[in-house]
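Have the model open beside you as you read.

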Amino acid sequence: MTTLAPVRRRPGTRQAVRLLVLIAIVAVVLYPLVWMVGTSVKSQEEIVNNIGLLPERFTPGNYRQGWANFDVAFGRFFLNSALVSLLTVVGNALSCLLAAYAFARLRFRLRRVWFTVMIGTLLLPGHVLIVPQYILFRSLGLVGGDWPYLPLLIPHFLATEAFFVFLMVQFMRGIPRELDEAAKIDGASSFGIFRHVILPLSRPALVTTAIFSFIWTWNDFFRQLVYLSKLDDYTVPVALTLFIDSTSQSAVGPMFAMSVLSLLPVFLFFLAFQRLLVEGINTSGIKG
């Protein structure tokens with residue numbers, strides 16, 4: 001009686017199946033983006049009647065119309081978003097790095113308790129905090145003032161982003177403490193250790209914080225809608241809603257055209273720091 005040997009898949013077949021699965025996943029992920037780009041060059045009538053990816057009649061005028069659709073050029077909204085996003089990156093990087101250094105390297109009373117409280121704030125939805133924050137900033141006269149972006153920026157300079165503090169703490173725990181001891185022998189203070197040892201080695205975690213801060217702030221809609229009331233102060237996410245009026249008669253083509261342009265800064269920012277982002281996540285997220 002003969003026994004049949006088990007059939008083994010060839011390495012080439014396995015790789016082909018894996019490649020097909022990856023292609024299918026990429027197609028599903030990229031389909032909405034490709035559809036949006038195609039819709040941005042369709043006419044108003046074709047957007048309603050043609051749900052395909054490619055336009056039957058190329059309409060590049062949507063970009064020109066969307067850029068000059070309001071009394072303020074759409075470039076002003078891009079500048080506002082860039083200002084808020086970049087200042088948010090600076091605020092999160094500085095404040096969260098200092099807070100993380102205190103939790104990870106310094107010894108002070110109730111350190112673990114305060115760290116637990118800080119982690120506990122991750123359980124609070126941002127929409128729950130927006131009402132007390134708005135009341136606080138309005139009582140301080142910061143809402144609708146000469147500098148309307150202060151309510152959006154001040155929390156980021158006070159290390160309120162617990163996620164980034166936790167990420168940096170995890171990263172700093174992986175830095176050998178022998179470096180701190182060597183710096184102390186050379187006469188370095190706590191600030192000297194932070195400046196000459198921790199700060200140079202924390203570049204991956206800082207880049208990770210910067211990328212996520214920029215992307216989340218650039219795409220933020222709700223908080224910016226709450227605090228910004230003047231057209232000249234609007235950011236890109238808020239300005240995109242202006243293409244839709246109360247009767248739902250909207251300039252869909254120009255809206256999609258400006259939506260495509262609004263993705264470019266995020267894509268370029270991520271592309272420029274992609275390698276450091278992966279490095280920062282790998283070295284920060286696996287430490288217990």
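On a 1 Å grid over the protein atoms alone, a pocket is an open set of points where a 1.4 Å probe fits, with protein on both sides within 12 Å along at least five of seven lines, and its lining residues have an atom within 4 Å of a point. A volume is the space filled by probe spheres set on the points. This is a predicted model: local features need pLDDT of at least 70, side-chain pairs need 80 or more, and totals for linings use all residues. Residues are numbered from 1 along each chain, and side-chain values use heavy atoms, without hydrogens or water.

| Pocket | Volume | Lining by class |
|---|---|---|
| Largest | about 920 Å³ | 19 nonpolar, eleven polar, three charged residues |

Which residues lie nearest the centre of the largest pocket? They're G126, L129, H156, T160 and E161, out of 33 lining residues. Over in the second largest pocket, the lining is L33, M36, V37, V260, L263, L264, V266 and F267. Five of these residues, the largest share, come from α14 (helices are DSSP runs of H or I, at least four residues, numbered from the N terminus).

Now for the helix pair: L97, L98, Y101 and R105 in α4 meet S190, I193, F194, I198 and L199 in α10, where contact means heavy atoms within 4.5 Å.

Conventions:
Helices (H or I, at least four residues) and strands (E, at least two) are DSSP runs, numbered from the N terminus. Ala, Val, Leu, Ile, Met, Phe, Trp, Tyr, Cys and Pro count as nonpolar, Asp, Glu, Lys and Arg as charged, and the others, Gly among them, as polar.
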